[in-house]
Amino acid sequence: QVQLVESGGGLVQAGGSLRLSCAASGSIFSINAMGWYRQAPGKQRELVAAITGGGSTNYADSVKGRFTISRDNAKNTVALQMNSLKPEDTAVYYCNADIHTVVAGFHRYWGQGTQVTVSS
């Protein structure tokens, strides 16, 4: 059984910063890509940022230069540092990870989501 648990969401004023964290636990053999998605009310879930096992990163155009994704492979964690937040960043943020378990092979797992609200 694998779990992804997020933390760090909350309410912040425009221009402020938040740091999201996500920890994977369970019978993990290895982890490939990890990432963050978000879903605003009435909108589809969209990719915010992703990072490979080797550390290569990919960002949505809307967050480039403001958000930074990082991971700690020893701790099976991924973080998203969000600076210069805008009201349009308001959404539920989900972490995901492509995890290899001995029993089930590779699957994409998702966290439960954490709310980020940016006030103007």
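A salt bridge is a side-chain nitrogen of Lys or Arg within 4 Å of a carboxyl oxygen of Asp or Glu. The model is predicted, so local features need pLDDT of at least 70 and side-chain atom pairs count only at pLDDT 80 or more, while totals for chains, interfaces and linings use all residues. Residues are numbered from 1 along each chain as its sequence is written, and side-chain values use heavy atoms, with hydrogens and water left out.

**View 1. Network of salt bridges.** Arg38, Glu46, Arg66 and Asp89 are linked in a network of salt bridges. By the rule above, the count comes to five salt bridges.

**View 2. Arg38 and Glu46.** The closest N and O atoms of this salt bridge are 2.7 Å apart. Arg38 is buried, at 7% relative accessibility, and Glu46 is partly exposed, at 36%. Buried means under 20% relative accessible area, exposed over 50%, and partly exposed in between (1.4 Å probe, protein chains only).

**View 3. Arg38 and Asp89.** In this salt bridge the closest N and O atoms are 3.0 Å apart. Asp89 lies in the loop between β8 (77-82) and β9 (91-101), and Arg38 in strand β4 (residues 30-39), so the pair ties together parts 51 residues apart in sequence. Strands (E, at least two residues) are DSSP runs, numbered from the N terminus. Both Asp89 and Arg38 are buried.

**View 4. Asp98 and Arg108.** The two side chains meet in a salt bridge, 2.8 Å from N to O. Asp98 belongs to strand β9 and Arg108 to strand β10 (residues 105-110); the pair, ten residues apart, links distant parts of the chain. Asp98 is buried, with a relative accessible area of 18%, whereas Arg108 is partly exposed at 44%.

Notes: Helices (H or I, at least four residues) and strands (E, at least two) are DSSP runs, numbered from the N terminus.
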